[in-house]
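Here are my notes on the aromatic contacts. Please read them with the model open.

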4 protein chains.
Amino acid sequence: MLEELKRSVCKANLDLVKHGLVVMTWGNVSGIDRARGLVAIKPSGVSYDAMTDGDMVVVDMDGKVVEGSLKPSSDLPTHLELYRAWDEIGSVVHTHSLHATAFAQAYRGIRCFGTTHADHFYGDVPCTRELTQQEVEEEYERNTGKAIVERFKTLKPLEMPAVLAANHGPFTWGKDAESAVCNAVALEAVAQMALASLTLKPTLQPISNYVLDKHFMRKHGPEAYYGQNKT
Amino acid sequence: MLEELKRSVCKANLDLVKHGLVVMTWGNVSGIDRARGLVAIKPSGVSYDAMTDGDMVVVDMDGKVVEGSLKPSSDLPTHLELYRAWDEIGSVVHTHSLHATAFAQAYRGIRCFGTTHADHFYGDVPCTRELTQQEVEEEYERNTGKAIVERFKTLKPLEMPAVLAANHGPFTWGKDAESAVCNAVALEAVAQMALASLTLKPTLQPISNYVLDKHFMRKHGPEAYYGQNKT
Amino acid sequence: MLEELKRSVCKANLDLVKHGLVVMTWGNVSGIDRARGLVAIKPSGVSYDAMTDGDMVVVDMDGKVVEGSLKPSSDLPTHLELYRAWDEIGSVVHTHSLHATAFAQAYRGIRCFGTTHADHFYGDVPCTRELTQQEVEEEYERNTGKAIVERFKTLKPLEMPAVLAANHGPFTWGKDAESAVCNAVALEAVAQMALASLTLKPTLQPISNYVLDKHFMRKHGPEAYYGQNKT
Amino acid sequence: MLEELKRSVCKANLDLVKHGLVVMTWGNVSGIDRARGLVAIKPSGVSYDAMTDGDMVVVDMDGKVVEGSLKPSSDLPTHLELYRAWDEIGSVVHTHSLHATAFAQAYRGIRCFGTTHADHFYGDVPCTRELTQQEVEEEYERNTGKAIVERFKTLKPLEMPAVLAANHGPFTWGKDAESAVCNAVALEAVAQMALASLTLKPTLQPISNYVLDKHFMRKHGPEAYYGQNKT
């Protein structure tokens, strides 16, 4: 079942490796079939070398395995929380990519220092608050998702398809697995450039709103003119 | 038409990937046929994996597509502005290479800290001013080109074949696509080394003019003696 | 003899290269057969290009070569000291991976700044004291091992499977060669992220104990639920 | 003529690329046949992609081409100056490897911060003084060599097989091309680690002499016990 979804989720997991975002098994991608209420996700702690579409685990919205012989990624409850909160997303990606994680470890969001950032993220990429002891000890992964959703109270997930989970690392998402991976790649590049820019100028301020608007909208707005998309 | 130009432009786009200057689709190369007044450029937002010569889009000097089924790169108006201003250039390259972009985001040019720099760029690589809100909202890409040309009032494009567009990223150029790519590669290396040198010595000053003259001229002057070029 | 051990030790040495932890021949892995009291280790200063299982040198616990025509790694006495002190480890890895070594050179341990760290190392990765002149001049490699063991008086080797030898570089270990290499890979990634986080926030403090406990235990505790391990 | 020397020099040039030390054509290796007083060196500005043994240019000690249809590297006079001054060296390597060059641009030598450094370089890697205007304008490349030799008045070339030419980049050497390349690789790694260590601790001091002695001598002294060398 869900062959096409499993195929795209498996490919997305392998693309994370191809883009250098994953060390060993530190990453996972899931995708959702909204009509059936089912999610396909990478199995937990499995090597990427021989991963196939059939290894993807299918679960329902309570995290119960519906298909697959392997255990799902331990981060599954975080993914489910995001799917529950945001109808408009179709895929979630989690990595420990080095520079984005460095910002998460420093409890800093990534401010919008340039047009590369603005092409993908409509403003500063936020960092969540730290979880409380109780949140960590009870339903840790689910509470990670809840803290992300809480942080997005005034943000739109498809305009800001990335977050840094404090002292943990980045989550990104998108309409589908391909765009969620694209956002993970962009986030890591943007983090690396922001670190270098801050080294050159520690007091650097974000770009003006009119540049941000221009760049985000030329790629994502109703009058987007970047790429080959037909309207 | 313009088969040779399209071939060299396509190869140059792929060389950007080979040299590690391009993340996803963040880069574009164009080349001009001065006799016919036509420009070949990468299509917008297309993956490099299967790109062929035939995908290059041919446009006239007003940006009107003359040949090709795809949309040209959205940065085309910037390229055209440079071709209009500078008769001596034959190709333009735009990337978001990480270290050069980090300088652009910090609104800093790259000072000439060594002979690697002097071998390719005759002095400090300049950064443009920020665009005004009006410039961004009306003809943004064209105004990006105009701000570059404005910044070069006292500079010669073939002596300084690179610029940092403020809060955006680098543009380079050259007599042909191969040399424009070469300058993009050199710029990124020079940016990375400058960042490291500034980390070691934040007050570092540029090299003396006599070292700059020596290195630039041994590669580019009328009595150049680097390489296999016959005079 | 010890064919399986030699195979896993050879593979582990090659995996160090695959993970980018080794420049030239700067690294070595050994594994121990506790029942026979024999250790298999990489030969000294031999290129990785043509290394085969049969090149691994088998020595006894006094370092005497029992099998193999090549000299064992000069770091062998360090490995032996760790095997003697800690019954629970089955393999030792030594590298000069760039970021972990940078911390060792600065005489700094790597504090636990995030969950990537906590997934592998139960607290701050320690740095040894410097060796005295006498310790360096007499049995240098063995004393390197002794200083590591001394530093671990209050630490459990399988909870903290890594150390930085002051002004030298990292040693890691594990139940077997595969996990020892995994810890070397994790250590280098964690070191690179810690350096970047400290650049962003020089006064950064380690994560709270409840996050550390949660992450280490979900992977390594008796109730671990990460990966496909069956209990 | 000199087939074996040309083969080893060509291989060494290609090894620089393999080790990531060369951007485009920024590097060159030469080797000397002391008996005949002839030097084989990379041709100037030629791409590495199709380089063969036969492209190596053979020159005499005055730099006159004895064999080969291409022009020798423009840095040849620097190489010759080193061969003339130091009988014990058999090969010279020049690169613009990024981190070593960053130190050269900052006019800083690389202090000996750890055993990786001490394994290859017996003390701090020195940086030359800047050349005067006259030295640059008259016989620039030869004077670069002279400034290196001047800096080595109290140093032994095979104990310190590397130098940073101020605002230019590194030169290394060795008994043969293989060891000269090895020193170039070590120098770049050591430079990268030193930069990171200095970021962690700006006031970091070099290691003690007894650690330096131990490490250099275990690899290079008369009683060296690293590697498979038989004595």
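Over the ring of which residue does the charged end of Lys219(A) sit?

1. Start with the charge. The charged end of Lys219(A) sits over the ring of Tyr226(A), 4.3 Å from its centre. In chain B, Lys219(B) lies over the face of Tyr226(B), and the distance to the ring centre is 4.3 Å. Keep in mind that this is a predicted model.

2. Now the ring pairs. The count over all chains is 16 aromatic pairs. Take Trp86(B) and Trp173(B): their ring centres are 4.7 Å apart. Their planes meet at 50°, so this pair is tilted; edge-to-face would need over 60 degrees.

3. Trp86(B) is in the loop between helix 2 (76-85) and strand 5 (91-95) of chain B. Trp173(B) belongs to strand 7 (residues 169-174) of chain B. The pair links distant parts of the chain, 87 residues apart. Trp86(B) and Trp173(B) are both buried.

4. The ring centres of Trp86(D) and Phe152(D) are 5.2 Å apart. With planes at 50°, the pair is tilted. Trp86(D) lies in the loop between helix 2 (76-85) and strand 5 (91-95), and Phe152(D) in the loop between helix 6 (140-151) and strand 6 (162-165), so the pair ties together parts 66 residues apart in sequence.

5. Is Trp86(D) buried or exposed? Trp86(D) is buried, at a relative accessible area of 6%. Phe152(D) is buried as well, at 3%.

6. Finally, chain A. Here ring pairs join Trp86(A), Phe152(A) and Trp173(A) into a cluster.

Terms used. Residues numbered from 1 in each chain as written. Chains lettered and ligands numbered in written order. Predicted model: local features only at pLDDT ≥ 70, side-chain atom pairs only at ≥ 80, totals over all residues. Heavy atoms only, no water. Phe/Tyr/Trp six-rings, centres within 6.5 Å; stacked < 30°, edge-to-face > 60°. Helix = DSSP H or I, 4+ residues; strand = E, 2+ residues; numbered from the N terminus. Buried < 20%, exposed > 50% of the residue type's maximum accessible area, 1.4 Å probe, protein only. Lys NZ or Arg CZ within 6 Å of the ring centre and 35° of its normal.
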